Amino acid sequence: MTRETSARALWLINGLTLLAAVIFLSPVLYSIWMSFQTSDAYYSGGVDFTLRNYDVAVGQYNFARYLLNSVIVSGIVTLLGISFATMAAFAFARFEFPGGNLMFGAVVATLMIPSHITLIPNYLTLARAGMLDSYAGLILPAISSGFAAFFLRQYIRGIPRALDEAAYMDGATPLKVLWRVIVPISKPAIFSMALQLFIAEWNNYIWPLVAISESDLFTLQIGLARLYRVNPGEDVIDWPLVMAASTITILPVLLGFVLVERHLVRGITMGAVK
Amino acid sequence: MLRKLTPYLFVLPLLGFMAVFTYYPILQSVNLSFREWDFMSPTKPWVGLDNYRLLLTTRDFWNSLKVTAVFALISVPLRLALALAVASFLIRETAVSRISRGAIFLPAVTSTVSIAVVFSWVFSTDYGAINGFIALLGFDKVTWMQDPQLALYVIIFVNTWKQLGYDVIIYTAGLQAISMEYYDAAAVDGGRRFHVFRRVTFPLVMPTTYFLLVISVIDAFQVFTIVDVMTRGGPAGATDMIVNMLYRVGFTLFDIGTGSALAVLLFIFLIALALVKARVIGRRVHYDS
């Protein structure tokens with residue numbers, strides 16, 4: 001084989017690979033395209049570009065509100081979740097204290113627990129506390145991440161203790177050491193975990209489904225499922241409108257994904273492949 | 001004094017919320033599984049094992065167990081085989097490989113509801129993409145999601161499509177961890193491609209396969225969203241996965257006792273699987289060092 005033909009073969013393989021990737025994503029790409037078509041054009045097979053579907057989804061079906069709810073809930077869950085996990089990880093990595101190993105074991109045990117066992121009791125707890133149909137009801141059950149705590153503890157153990165000790169010598173408190181020494185060094189790990197928390201909460205479906213009945217508090221996932229199900233199973237669905245709502249639901253994560261894919265992949269493989 | 005309290009203060013927020021929203025609910029579920037309650041009545045009478053007995057004699061329970069088992073038996077090998085093939089093909093760190101892996105990974109982090117809605121369109125009878133192609137070829141339309149023989153396969157397809165990227169990422173990491181020396185040795189021996197794969201790649205990537213196997217079985221028993229959006233367990237219970245039944249019994253029939261019993265059974269089963277997973281990871285860590 002000459003160099004020329006092998007280069008051409010490489011081009012061909014690369015081209016086919018990219019084509020396969022586009023075909024793989026085509027349902028989603030097409031749904032975005034469809035969301036910019038008028039219903040008439042879509043059902044008659046023509047092309048007629050419009051923003052009306054977004055206007056209807058946001059205006060008539062309250063998707064701006066759902067978007068805001070999703071941003072607020074996922075944002076707070078991520079912020080609190082990562083803070084609590086980092087604090088606990090720091091304590092487990094750096095302090096010897098009575099009960100510490102037991103507590104760490106209890107945290108690790110939560111990695112095995114399927115979330116569905118907590119569904120009914122958490123519903124009851126929040127009902128009793130009068131917190132169904134509230135942001136608190138959406139947020140509180142989601143902010144203790146055993147995985148993030150476990151993962152960050154492993155990471156922090158890899159940071160030389162000499163750095164902490166130098167800071168303590170200068171009279172720093174543990175909180176200062178955490179904030180000034182550990183957190184800056186752990187930034188990549190904390191960022192990866194925060195991303196995973198955010199994505200998981202953004203896409204959370206079953207908990208908002210049971211905890212929220214007030215439509216002003218719907219997250220995007222619930223709003224989209226309801227909009228689609230107006231006429232379940234029937235083909236009188238306004239597909240372009242549904243796809244506009246779907247695009248609003250996907251787009252923030254899609255845009256973020258392009259920027260942070262590397263961190264996300266690193267976090268996932270670090271968690272799975274030791 | 002304060003010095004001694006410090007670590008406790010640091011773990012308090014995490015463990016406090018875990019106590020209320022994770023540990024307590026487990027005990028509460030077990031407790032409720034022995035009682036009869038409908039969310040409303042002032043008393044929750046103790047009924048012993050009645051809920052479990054009822055569950056084990058209900059057609060719905062065995063049906064959802066069967067549906068979930070069939071789902072796992074088909075979707076798990078499918079996911080692993082596809083993922084290993086794709087990861088092997090995209091293993092090199094070229095721009096095209098990276099972009100393609102990113103494209104395949106995208107659905108794994110995207111909203112499951114959106115994906116379910118998009119594929120509801122793809123498989124819809126009158127305007128869907130697939131029936132569009134079928135019509136172009138001159139065949140009759142297929143009622144994908146209304147046909148009890150087909151609906152579960154549609155769900156399996158969509159779930160595989162969504163999860164594939166995650167498996168590919170893990171396999172890619174596993175494959176890249178295999179030392180080049182093995183391949184060099186195989187090359188010296190004049191190994192052919194398939195031979196090298198069978199004798200070198202496949203055995204060395206086995207720990208990753210075990211890991212993904214357990215993970216994807218655990219996933220299979222927790223599928224809910226795709227089914228809830230696309231078929232709601234229908235037609236005629238053909239896609240009624242365990243969690244869909246749990247949701248229906250608990251939150252639409254308000255039978256808290258039976259719902260809790262179902263949750264407890266699922267819990268026991270998944271904990272057993274998770275222990276297998278922990279052993280697999282333990283062995284692998286050992287294997288590496």
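**The interface between the chains**

Tutor: Chain B and chain A bury about 7600 Å² between them, with 78% of it on carbon and sulfur atoms; buried area here is the accessible area (1.4 Å probe) that two parts lose on being put together, summed over both. This is a predicted model, in which local features need pLDDT of at least 70, side-chain atom pairs count only at pLDDT 80 or more, and totals for chains, interfaces and linings use all residues. Residues are numbered from 1 along each chain as its sequence is written, chains are lettered from A in the order in which they are written, and side-chain values use heavy atoms, leaving out hydrogens and water.

Student: Which residues in chain B lose the most area to chain A?

Tutor: Those are F10(B), F21(B) and W121(B), which together make up 10% of what that side buries.

Student: And how many residues of each chain are in contact?

Tutor: On the chain B side there are 84, and they are in contact with 85 residues of chain A, where contact means heavy atoms within 4.5 Å.

Student: What is the count of salt bridges between chain B and chain A?

Tutor: The count is one, with a salt bridge defined as a side-chain nitrogen of Lys or Arg within 4 Å of a carboxyl oxygen of Asp or Glu. The side chains that meet there belong to D228(B) and R229(A), at 3.0 Å from N to O.
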